[in-house]
Amino acid sequence: MASVLGLAVVVGLWGIWVFESRSAGKDDANTGEFSYQLTRKPGEGPADVIVMCDEDVMSAAGDAFAKWLKLEGIPLKAPGGVMLISRLNDVTLDSSLKPLQRALVEVLKRYSPRRVVLVAHTYCIYYDTVAAWNDDLAKVRQRQIADMRASMSVLREWFPRAEISGYLAEEDANHKLVFHSATKVGL
Ligand SMILES: [Zn+2]
């Protein structure tokens, strides 16, 4: 378990690094120094944020979903997607995830997004690992939906003017990942 969560922190932080530096074009300022043109300046206007799990299965599907939603932003990838936002005061959350959790909160607050889309997905290794640890695999989906709703209410408090929505991506019988709205999925 420790190694899975350790990896999660590294991968998650990498996701944030991508988020912070992706919008760019190269610029030669003729100073002899390396410079990098950032296209988005602070205070230039809000961006859309999609928060999703950093697992491979969500990579292409999540990007396609963001495109389908016409999000003008970039993905913020963190272990379990909504898991860290919903457990801000959860003392049982593995301590190795705390620095990543603080970074995630900081990025969200700094960007002050106008729209936040949260995505959880089935067969999530992070949720399954925690559930296996607690011997509670039958309730993973229920926990994800509860976390999703908790995250949505936290974000509504932080960003009262932002549009907050949540989705549970579930694989169907035809091997398709279907993104169900959190307001429609039942427990
Ligand atoms: Zn996952």
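Which residue forms a salt bridge with D48, and how far apart are the closest N and O atoms? The partner is R114, and the closest N and O atoms of the pair are 2.8 Å apart. A salt bridge here is a side-chain nitrogen of Lys or Arg within 4 Å of a carboxyl oxygen of Asp or Glu. The model is a predicted one, in which local features need pLDDT of at least 70 and side-chain atom pairs count only at pLDDT 80 or more, while totals for chains, interfaces and linings use all residues. Residues are numbered from 1 along each chain as its sequence is written, and side-chain values use heavy atoms, with hydrogens and water left out.

The salt bridges come to seven by this rule. R114 sits in the loop between α4 (98-111) and β5 (115-121), and D48 in strand β3 (residues 48-52), so their pair ties together parts that are 66 residues apart in sequence. Helices (H or I, at least four residues) and strands (E, at least two) are DSSP runs, numbered from the N terminus. The two partners can also be described by their accessibility, where buried means under 20% relative accessible area, exposed over 50%, and partly exposed in between (1.4 Å probe, protein chains only). D48 is buried, with a relative accessible area of 3%, whereas R114 is partly exposed at 37%.

R114 also meets E72 in a salt bridge, at 3.1 Å from N to O. This pair again links distant parts of the chain: E72 belongs to the loop between α2 (56-68) and β4 (73-77), and R114 to the loop between α4 and β5, 42 residues apart. E72 is exposed, with a relative accessible area of 58%. Together, D48, E72 and R114 are linked in a network of salt bridges. Another salt bridge joins the side chains of D90 and R87, at 3.8 Å from N to O. Here D90 counts as buried at 17% relative accessibility, and R87 is buried at 6%.

We turn next to a pair of helices. The axes of helix α5 (residues 125-133) and helix α6 (residues 140-158) come within 10 Å and cross at roughly 120 degrees. Axes are lines fitted to C-alpha atoms, for helices over the stretch in contact, and angles run from 0 to 180 degrees between N-to-C directions. The helices α5 and α6 are therefore oblique to each other; angles under 35 degrees count as roughly parallel, over 145 as roughly antiparallel, 65 to 115 as roughly perpendicular and the rest as oblique. The contact (heavy atoms within 4.5 Å) is made by Y127, D128, V130 and A131 of α5 and by V140, R143, Q144 and D147 of α6. These residues divide into four nonpolar, one polar and three charged.

Two strand residues complete the picture. F179 lies in strand β7 (residues 177-181) and is buried, with a relative accessible area of 19%. Leaving aside residues up to four places away in sequence, F179 touches M58, A61, F65, V119, Y167, L168 and A169. Of these, A169 is ten residues from F179 in sequence and 4.2 Å away in space, C-alpha to C-alpha. V119 is found in strand β5 and is buried, with a relative accessible area of 1%. Although V119 and F179 are 60 residues apart in sequence, their C-alpha atoms are 8.3 Å apart in space. With the same exclusion of residues up to four places away, the contacts of V119 include I50, V51, M52, C53, M148 and F179.

Technical notes: Ala, Val, Leu, Ile, Met, Phe, Trp, Tyr, Cys and Pro count as nonpolar, Asp, Glu, Lys and Arg as charged, and the others, Gly among them, as polar.
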